[in-house]
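Open your viewer and get a selection tool ready. We will go from stop to stop, picking residues and looking at what surrounds them.

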Amino acid sequence: MYLHEFQAKGLLRQYGVPVPDGGVASVASDALRVAKELKGDAWVLKVQVHAGGRGKAGGVKVVNAFSEVYDEATRMIGMKIVTKQTGPEGKIARRILVEKATDIQKEIYLSFLVDRDSEQCMIIASAEGGVEIEEVAKENPAAVVKENINPVTGMGLFLGRKIAKRIGLDSSLLNKFAEVANKLYQCFVDHDGMMLEINPLVVTGDGEILCLDAKMTVDENALYRHPKIAEMKDYGELEPQEVRASIFDLSYVSMEGNIGCMVNGAGLAMATMDIIKSFGGEPANFLDVGGGADVNKVREAFKIILTDPKVKVIFVNIFGGIVRCDLIAQGVLTASEEVPSDRHIVVRLDGTNVEEGRRILEEGAAKSGLNIVTGETMADAAKKAVQLAAGNIEQKEEKPSTKAADKGGAK
């Protein structure tokens with residue numbers, strides 16, 4: 001789950017981390033009020049969207065006159081922000097953060113993340129903050145310092161001072177940096193963080209260290225431990241399909257392809273997307289209905305997939321372990337009645353009651369005339385889905401005659 005900058009900074013304040021004074025505004029008059037309360041002679045206005053690169057897209061502005069705050073806030077609130085992370089569709093800025101301008105003498109990059117290879121948290125720092133850290137790492141990897149953090153001993157001041165020395169900070173800043181880094185790490189682990197990025201962490205004109213920006217991602221699976229964090233979720237930043245999926249306990253992520261995927265199990269869902277791409281197709285989504293899928297979940301999954309106008313084929317790939325294949329088949333038939341005639345359904349079933357599930361699909365499709373194509377194997381079904389999406393095979397499989405079906409049964 002992504003947090004907005006103002007939300008992340010609110011958490012950091014609770015741990016004594018130095019952040020600029022500021023306030024959030026959703027209308028221009030509120031921005032003017034916040035600027036007046038902050039006093040000073042310069043302010044920074046930042047759009048609050050879940051994306052980096054806001055400054056390059058016009059989403060961060062320094063205002064040097066109080067009279068200009070209202071006009072600039074009017075321009076920024078409601079504007080579309082387009083960055084590398086948002087894609088060409090962009091994101092609408094519904095609120096801005098107004099902060100007192102800071103006297104910046106030096107910019108530093110600092111982040112914490114979960115390193116899956118070492119199964120530990122990692123701290124990453126660079127003296128070249130305020131720029132694309134990916135470019136710095138590519139062009140000058142020696143400028144980026146990485147250290148794993150022992151989960152038993154934690155961050156500690158020693159590791160903070162070590163990092164500060166390695167990135168070349170002045171000796172007068174070693175302890176200040178270490179204290180801020182230690183507090184950041186504590187906030188990160190206490191809230192089951194996946195990533196906490198401060199870019200830039202700045203040294204001010206009076207020699208203090210300040211977190212000028214903050215991006216934080218927390219583990220969705222740990223939200224039951226953090227009800228206050230769960231309340232911070234901004235549904236306006238999510239795709240409508242993602243919001244609807246969360247209501248029905250479905251895991252959905254929109255993608256750019258034209259083959260909708262309905263799968264049970266995250267691992268199988270990833271493998272399904274991989275095999276679609278291996279045959280030259282493009283998945284339209286990641287959708288995991290979970291191990292306890294029933295008829296209602298399957299029906300809702302179909303509705304969510306069909307809200308994407310790009311989808312030409314729905315690929316149902318189910319391994320019946322906890323959930324039985326016959327129940328999934330019944331759900332597919334029920335949901336298929338709402339599928340437009342120009343969309344195609346490819347189904348691959350395996351596992352518990354698979355023969356019964358295939359029989360239900362075959363008989364149901366024969367009676368209703370629904371356009372359901374089945375695959376014996378995952379590869380067979382994926383290949384058919386890709387061909388249908390490309391318009392390279394007929395819409396319907398050739399159905400066996402009634403006599404053949406009577407003799408062969410579900411084989």
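Which residue is the bridge partner of Val346 in E19? Select Val346 together with Val373: Val373 is that partner. One thing to keep in mind as you look around is that this is a predicted model.

**Stop 1: strand E18.** Now widen the selection to residues 344-351, which make up E18. Six of its eight residues are buried, so this strand is largely enclosed by the rest of the structure.

**Stop 2: strand E17.** Next, select residues 313-320 to bring up E17, another parallel partner of E18, this time over eight bridges. For one of the pairings, pick Gly320 and then its bridge partner in E18, Gly351. To follow the chain from E17 to E18, colour residues 325-336: this is helix H11, and the β-α-β crossover that passes through it is right-handed.

**Stop 3: the largest nonpolar core.** Move on to Leu12, Leu110, Phe112, Phe177, Leu184, Ile198 and Leu201, the residues with the most contacts inside a core of 41 residues. Then centre on Leu184 and display its contacts beyond four places in sequence: Leu12, Val17, Leu110, Phe112, Leu196, Ile198 and Cys211.

**Stop 4: another core.** Finish with Val298, Val323, Ile328 and Ile360, which are among the 33 residues of a core lying apart from the previous one.

Conventions: Residues numbered from 1 in each chain as written. Predicted model: local features only at pLDDT ≥ 70, side-chain atom pairs only at ≥ 80, totals over all residues. Heavy atoms only, no water. Buried < 20%, exposed > 50% of the residue type's maximum accessible area, 1.4 Å probe, protein only. Helix = DSSP H or I, 4+ residues; strand = E, 2+ residues; numbered from the N terminus. Pairing = 2+ DSSP bridges. Right-handed = clockwise from strand over helix to strand, strands pointing away. Core = buried A, V, L, I, M, F, W, Y, C linked by side-chain atoms within 4.5 Å. Contact = heavy atoms within 4.5 Å.
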